[in-house]
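Student: Please take a close look at one topic here, salt bridges, and go through it in one connected answer.

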Amino acid sequence: MSKFQCVSCVVILLFLLNSTPTHCHTKGIRPKNSAGKRLSTNMTQTQFSEQQFMKWVRFVGSLRHSLFKEAKNKLFPSYTITVNKNSMAGDFRSIQDAIDSLPFVNQERVVIKVQAGVYTEKVNIPALKSFITIEGAGADKTVVQWGDTAQTIGGKGQPIGTYNSATFAVNSPYFIAKNITFKNTTPVPAPGAVGKQAVALRISGDTAAFLGCKFLGAQDTLYDHLGRHYYKDCYIEGSVDFIFGNSLSLFEGCHVHAIAQTTGALTAQGRSSLLEDTGFSFVNCKVTGSGALYLGRAWGPFSRVVFAYTYMDDIIIPKGWYNWGDPSREM
């Protein structure tokens with residue numbers, strides 16, 4: 001197991017090995033290092049950071065993707081809204097109220113600053129409310145939490161399912177989150193438990209970024225559903241399949257922590273066709289935790305996950321990945 005403890009090792013997990021060349025994956029789309037560059041006299045550090053992110057967005061958007069349209073964005077905010085649990089110190093007391101106040105079709109960058117506190121609420125951003133930035137006071141200071149699971153009974157008397165269990169759901173494009181924690185409070189389920197999928201955040205919109213955020217949960221913590229997403233310096237915690245979905249995502253400098261009681265799995269990537277330009281890439285990350293951990297389970301027949309220059313604790317099962325009980329996924 002010592003080979004998984006080398007900080008500079010490169011571990012590549014490919015759920016499908018084939019000779020067909022793959023195009024438009026995450027190779028070459030890391031944002032360029034901005035160290036040493038001077039800020040414009042009229043630009044703040046925050047604006048400069050967003051500008052660097054936008055360079056990555058424009059480059060990814062210029063690639064020929066079979067599933068995604070050209071990426072566009074609006075960088076600088078037109079106005080800012082403040083959320084504070086103290087109604088005398090902010091525009092709104094809840095995050096959802098702030099989102100509901102935006103136009104039905106939002107076409108300009110809006111920053112929602114969420115002050116320190118624990119916000120116990122279920123948040124949903126509709127598909128037409130684009131260009132939203134959620135900015136906390138720090139991932140350890142600003143927390144949004146809820147406790148639904150897939151078996152939670154909904155308004156129609158039926159279980160809501162994994163998709164609707166998310167504490168925070170993003171359905172619109174051009175979303176940015178900074179310095180905030182998304183948490184599902186459901187405890188770690190017993191091995192083999194049914195219906196305990198409990199999503200902290202679901203991102204279903206294209207062209208999103210998460211900077212300095214935390215995602216806390218157990219089974220199915222981060223539903224990286226659809227679209228192109230960038231995670232920078234984030235902390236992601238869970239037990240089974242706690243990063244899952246079928247997006248095209250880059251995780252850079254992130255800390256992934258397993259809290260499995262016995263056996264767990266880090267990823268469950270859902271690529272279902274050779275034609276899909278989707279997959280997860282982990283670069284300069286760190287994997288720690290408890291239990292015995294698969295790097296991934298082949299949720300889709302052509303699942304694709306890559307780990308590069310990533311430190312791994314001595315918890316990784318030597319086989320590396322699990323075929324979801326389907327030998328054909330080992331082709």
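**Salt bridges and their surroundings**

Tutor: Lys214 has a relative accessibility of 24% and is therefore partly exposed, a class that lies between buried (under 20% relative accessible area) and exposed (over 50%), calculated with a 1.4 Å probe on protein chains only. The model is predicted, so local features need pLDDT of at least 70 and side-chain atom pairs count only at pLDDT 80 or more, while totals for chains, interfaces and linings use all residues. Residues are numbered from 1 along each chain as its sequence is written, and side-chain values use heavy atoms, with hydrogens and water left out.

In one of them Lys214 pairs with Asp140, with 2.6 Å between the closest N and O atoms. Because Lys214 belongs to strand β12 (residues 214-216) and Asp140 to the loop between β5 (132-136) and β6 (142-146), this pair ties together parts that are 74 residues apart in sequence; strands are DSSP runs of E, at least two residues, numbered from the N terminus. Asp140, at 64% relative accessibility, is exposed.

Another salt bridge joins the side chains of Arg228 and Asp206, at 2.6 Å from N to O. Arg228 sits in strand β14 (residues 228-232) and Asp206 in the loop between β10 (201-203) and β11 (208-211), so parts 22 residues apart in sequence are tied together. Arg228 is buried, at 2% relative accessibility.

Arg297 also forms a salt bridge, with Asp241, where the closest N and O atoms are 2.5 Å apart. Here strand β20 (residues 286-297), which holds Arg297, is linked to strand β16 (residues 240-245), which holds Asp241, and the two residues are 56 residues apart. Asp241 is buried, with a relative accessible area of 5%.

Notes: A salt bridge is a side-chain nitrogen of Lys or Arg within 4 Å of a carboxyl oxygen of Asp or Glu. Helices (H or I, at least four residues) and strands (E, at least two) are DSSP runs, numbered from the N terminus.
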